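Here is a friendly walk through one model, with an eye for backbone angles, ring geometry and helix packing. Have the viewer open and follow along.

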Amino acid sequence: MNYNLKKLYSIAFWASVFGMLAFIFDFGFSKTVLTQQIIDAFYFIVIALGLAATFARYFENKELLKRRVAVFDVISVVYTLCVFYMYLFHGEAFKTDLILENPIWVVLAVILSFIREFSEQKLNLHRTYLNPAQIFILSFLVIILLGSFLLMMPKATHEGLSFIDALFTSTSAVCVTGLIVVDTGTYFTHFGQAIIMFLIQIGGLGILTFASYFSYFFKGGSTYENQLTLGEMTNSAKISDVFSTLKNIIVITAIVELTAAIFIFFSLDKNLFSSFSYQVFFSIFHAISAFCNAGFSTLSNSIYDVGFRFNYALQLIIVATFVLGGLGFPIVVNIIRFIKFKFIQIFFFNSKNRTYKPWVLNINSRITLVTTTFLTVVGFILYLVFEYHNTLAEHTLSGKLVNALFGATTPRTAGFNAVDMGDLAFPTVVITILLMWVGASPTSTGGGIKTSTFAIATLNILSLAKGKQRIEVYRREIADISVRRAFATIALSLMVIGLGIVIISVFNPEMGLLNIAFECFSAYSTVGLSLGVTGDLDTVSKFVIIAIMFIGRVSMLSIIVAVFKKIKHKNYRYPSEEITIN
């Protein structure tokens, strides 16, 4: 490669990075007229360098036109050239007051330039220095700290935000929890709410999911080392499935969130919103928050807010969205494959396949669906019985049924509330804690010990009761490693939650054991429901909840794996001994 071209590519990349920093400063801080003019001028330098690097890259290597990303580059460059020309000759026409009176179209061109330059960089996940668990944990820590500083920007809030509250909010968003110490709807500006929405999306799917897939998509390949690392992080069965798994994650997320946003938009009463743009933002925010099981809402009382608590269509849409997010991406893909198979079997029946019954719905999907259905039905019945004449008294029969379904599913890490949590009956609170602890399904956007862990523990108890030496279900035997992981997950979760309860009760004894326990279970399972004590926590207790949210998101087992060095496989076994248990 020509030295001058290599230097141009490097300058263009770093200019695009500083362009993104300028964009953050532009939106987050107050500026003088001169400062704004300097930033606008810098935007065009970034755009010009990005265009020059892109043209040089294609002129240098004509084979790049065959890449899958060539179409994106062409569209991006044409758009950027149009903006460049129009803004130079018709600058005022491109000024808009939609978002903080900034040249948003120019900013979009800067973002496109950054995407083009970033896509040309190599993403190397060195397993030599960091194992997958360490990379996974480190990525969350970086995003949480970055989010904290973004939320502390003057234009992100109306009154300013302390570091501990910014860290708490950022951790809650990235760990898709939903616990808040300040009201999201009134304390943060629209820009601040947009930052929270971005953190929820990144945290729900993982920054490495985006970075790895787009690096693969734009460059058309990835190193074997990267595929090994990502394979462990995405639980892919085969190395060849890594990027198809990542693609499924991104595609499913985009489709579900877009569909949910559209349905939410049309379910709303437009008279409750000050403008059309805010109604759109509200729909997108809640679609992302629901699918990522975050529980964040721009409403002060979540779905229980006046004007929304009787909107049963909205509640059903949100339930469907966070249930899909909580099932897990492999499960959703497997269900889609199963539906497709059944559709073909019914409408395009082939006589050759009369006796052939393929194993389409795998055991993971079967266990997850059965456990999810069982927990939902039991939770629905108990919630309806305990709250029928309590928090559900103000609703009609259909409204009671919808709210009971909402109340039974939202503890499974969704975190939205459609009733006043402080008025729940004691049995309902206990059931909610249990549902929060179990949580969502593996490889989903939700938390908790997971439905599969709960199912394996239950099946193990049944097997012991029957005197069986192994766990068998659906003509399959559960591997011993899965059983050990399940019980390690259960034990570690109770240890972390128990320690959190003890520490908070020392510093905030006036809150009561039930409130503290509810808060810690909600934090560990990344649920976000609260009995109303989160804002009253002192600094030490806030740090404890932050730690619990983080541990709950990345899992204590992953942290232990990241800390301890794996030993080499030993080809020997000691004599086995039974230990007295009871």
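Predicted model: local features only at pLDDT ≥ 70, side-chain atom pairs only at ≥ 80, totals over all residues.

## Two positive phi values

R475 sits in the loop that joins β1 (472-473) to β2 (476-477). Its phi is near 60°, a positive value in a residue that is not glycine. Is R475 buried or exposed? With 77% relative accessibility, R475 counts as exposed, because the cut-off for that class is over 50%.

T413 also has a positive phi without being glycine, here near 80°. Its place is the loop between α16 (397-409) and α17 (426-438). The relative accessible area of T413 is 0%, so this residue is buried.

## The chain as a whole

Stepping back, the chain contains 22 helices and 2 strands. Of its 582 residues, 51% count as buried. If you take the contacts in the chain with a separation of 6 or more, 73% of them come from residues 24 or more positions apart.

## Aromatic pairs

How many aromatic pairs does a search of the whole structure find? The search gives 15. One of them joins F265 and F266: the ring centres are 5.3 Å apart and the planes stand at 90°, so this pair is edge-to-face. These two sequence positions fall into separate burial classes, as F265 is buried with a relative accessible area of 17%, whereas F266 is exposed with 66%.

F273 and F282 form another pair, with centres 5.1 Å apart and planes at 65°; this pair is edge-to-face too, because the angle is over 60 degrees. Both F273 and F282 are buried. They also belong to a cluster, in which ring pairs link F273, Y278, F281, F282, F285 and F308.

## Charges over rings

## Packing of α19 and α21

Two packed helices are described by the angle between their axes and the distance between the axes. For helix α19 (residues 480-507) and helix α21 (residues 539-554), the axes come within 9 Å and cross at roughly 170°. The two helices are therefore roughly antiparallel to each other, since the angle is over 145 degrees.

Which residues of α19 and α21 meet? On the α19 side they are V496, G500, I503, I504 and F507, and on the α21 side V540, S541, V544, I545, I548 and I551. By class, this contact has 9 nonpolar and 2 polar residues, with no charged ones.

S522 lies in helix α20 (residues 513-524). Its relative accessible area is 0%, so S522 is buried. What is S522 in contact with, leaving aside its neighbours within four places in sequence? The partners are T177, L179, M436, V527, G528 and L529.

Notes:
Residues numbered from 1 in each chain as written. Heavy atoms only, no water. Phe/Tyr/Trp six-rings, centres within 6.5 Å; stacked < 30°, edge-to-face > 60°. Buried < 20%, exposed > 50% of the residue type's maximum accessible area, 1.4 Å probe, protein only. Axes fitted to C-alpha atoms, helices over the stretch in contact; angles between N-to-C directions. Helix = DSSP H or I, 4+ residues; strand = E, 2+ residues; numbered from the N terminus. Parallel < 35°, antiparallel > 145°, perpendicular 65-115°, else oblique. Contact = heavy atoms within 4.5 Å. Nonpolar A, V, L, I, M, F, W, Y, C, P; charged D, E, K, R; others polar.
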